[in-house]
Amino acid sequence: MDDEFRPVLGEAAALAGRWLDGVRDGAIPPTADVESVKDALGRRLPGHGPAATDVLTHLASAVEPGLIRMHSPRFHGWVIGGAQPVALGADWLVAAWDQNSALRSVTPGVVAAEELAAEWLLDLLGLPGGAEVGFVTGATVANLVGLICGRDESLRRAGWDARTDGLAGGPRVRFLVGAERHGSVDSAAVLAGLGAGRPVAADDQGRMRVDALREALADGDGPAVVALQAGNVHSGAFDPLADAIEVAHAAGAWVHIDGAFGLWAAAAPGLRHLTEGMAAADSWATDAHKTLNVPYDSGVAVVADPGVLHASLAQHAAYLAAYAGASDPEDRVPELSRRARGVPVYAALAQLGRAGVAGLVQGLADAATAIADGLAGIPGAHVLNDVVYTQVCATFGDDERTRRVGEALRAGGVALASPSAWHGRAVLRFSVSNWLTDAAEAARTVQAVREAVAVTA
Ligand SMILES: *Cc1c(COP(=O)(O)O)cnc(C)c1O
């Protein structure tokens, strides 16, 4: 076996190391497009391929020009983390162990690490200790899990069993979402059969208005699911969670919270107030591949009542029933076969500890504040949002100029932010979600923006 695996893994580690050496200072944008990478890879399936190490060496040299340095501490596009070394290492072990992590009794090693990671997550995020946790691909699927549970449980309370009878012919489930929800909530709702939902008005920071939620709930009756947001991608703002949950519960609705990156505010004492009251919700979605900086893909679905989650998602195939006992990983997620993606979460939490997680999250928010302060000092730049968390939204004059500054920033290669639109204006959105982004890197980002503004003058 030594001869089969070790040279290949040694080569992979060397190639990965070469790539990661450039993380801090290499130019961010790719230099090759998809078609030229295909040319470099070779488009023909070989009759007989070369040795495994040769395949990897060729793969890396052909693909690298087409890689974007999302791992850079000055990559502020979308909401993207950069894998921490311990989590990347654990992810490699997961791949090497090659466990199909569906059942406790079959793969106890990785299930143990995942179950501890789940307990620790609930503790760090201030969620109920009895909640059930599923390790899914991302917040989109975590949102799907929460919405499916909400759909099924609110129908059950209305006397309809969706698991047995499906949705057609049953009561209609009202779905209420904030006007500034993330698009992935819409995707999840479509998959869950809830449709587009009724948008509830938001305030100037994108927070759902509780008076508007109360009105929307009063305008109808029957089963209802309300999706709240912890962390708006443009402003970083949190819906008024405590009040919104109270209003929704008073109307008998299920409450789900999309906190893909925002739930983590609960782990930092200086930011925890943003999540006040969120533990009273019924389900939550978050990502570990964003704020916690573990490799893709790593989302976390949390449901307060384990019975509800199992009723919606557990598989009851006869051969699986042979392993009856405590709930199995396959009872907590939509998938059956899957990698043990909770193991890198365990490793990241084990290394950081409670203080380390708090420091990580607070550090991201501090760097966002530093970027906002720096941008405010650039002539013509204007920060649109109250910077309460990790997101900064800025304009640089009219829409056209803002777009050109974004393009110049990207072309410069030193820092990258997302061109977007918010409240009818073109904006450049800076997200801070990388563990490497400290005050010095925030200053380099601001300097790169200053230069982009200068070249577009
Ligand atoms: C990123 C994000 C999502 C989607 O998460 P994925 O991990 O990409 O599926 C959902 N909601 C919010 C607020 C996000 O930032």
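Mentor: Start with the second largest cavity. Its lining consists of Glu114, Glu115, Val133, Gly134, Phe135, Pro329, Arg332, Val333 and Arg338. This is a predicted model, in which local features need pLDDT of at least 70 and side-chain atom pairs count only at pLDDT 80 or more, while totals for chains, interfaces and linings use all residues. Residues are numbered from 1 along each chain as its sequence is written, and side-chain values use heavy atoms, with hydrogens and water left out.

Now the terms. The search runs on a 1 Å grid over the protein atoms alone. A cavity is a set of points where a 1.4 Å probe fits but cannot get out. A pocket is an open set with protein on both sides within 12 Å along at least five of seven lines. A lining residue has an atom within 4 Å of a point. Points are joined across faces, edges and corners, and a volume is the space filled by probe spheres set on them.

Back to the second largest cavity. Its volume is about 60 Å³. Helix 5 (108-125) and strand 2 (132-136) each supply at least two lining residues. Strand 2 has the largest share, with three residues. Helices (H or I, at least four residues) and strands (E, at least two) are DSSP runs, numbered from the N terminus. By class, this lining has four nonpolar, one polar and four charged residues. Here Ala, Val, Leu, Ile, Met, Phe, Trp, Tyr, Cys and Pro count as nonpolar, Asp, Glu, Lys and Arg as charged, and the others, Gly among them, as polar.

How many cavities of 30 Å³ or more are there? The count is two. The largest cavity has a volume of about 80 Å³. It is lined by 14 residues, and Gly178, Glu180, Arg181, Gln229 and Asp239 are the closest to its centre. Strand 5 (residues 224-229) gives the most to this lining, with three residues. The classes here are six nonpolar, four polar and four charged.

Next, the open spaces. The largest pocket has a volume of about 910 Å³. Of its 29 lining residues, Ala16, Trp19, Leu20, Leu88 and Trp92 are the closest to the centre. Helix 1 (2-21), helix 3 (52-63) and helix 4 (85-97) each give two or more residues. Helix 1 gives the most, with seven. The lining of the largest pocket has 22 nonpolar, four polar and three charged residues.

The chain is divided into domain 1 (6-68), domain 2 (89-347) and domain 3 (353-455), with bounds from an automatic or database domain assignment. The lining of the largest pocket draws at least three residues from each of domain 1 and domain 2.

The second largest pocket holds about 210 Å³ of space. It has 16 lining residues, and Gly406, Ala417, Ser418, Pro419 and Leu428 lie nearest its centre. Helix 14 (399-412), strand 11 (416-422) and strand 12 (425-431) give two or more residues to that lining. It divides into eight nonpolar, five polar and three charged residues.

Now see where domain 1 meets domain 3. Their centres, taken over C-alpha atoms, are 31 Å apart. Nine residues of domain 1 and eight residues of domain 3 make the contact, meaning heavy atoms within 4.5 Å. The area buried between the two is about 630 Å², with 54% from carbon and sulfur atoms. Buried area is the accessible area (1.4 Å probe) that two parts lose on being put together, summed over both. Arg24, Ile28 and Pro29 supply 69% of what domain 1 buries against domain 3, more than any other three residues.

Two salt bridges cross the interface of domain 1 and domain 3. The rule wants a side-chain nitrogen of Lys or Arg within 4 Å of a carboxyl oxygen of Asp or Glu. Aspartate 25 meets arginine 444 at 3.2 Å, N to O. Glutamate 441 pairs with arginine 24, the closest N and O atoms being 2.6 Å apart. Glutamate 441 is in helix 15 (residues 439-455), and arginine 24 is in the loop between helix 1 and helix 2 (34-41), 417 residues apart.
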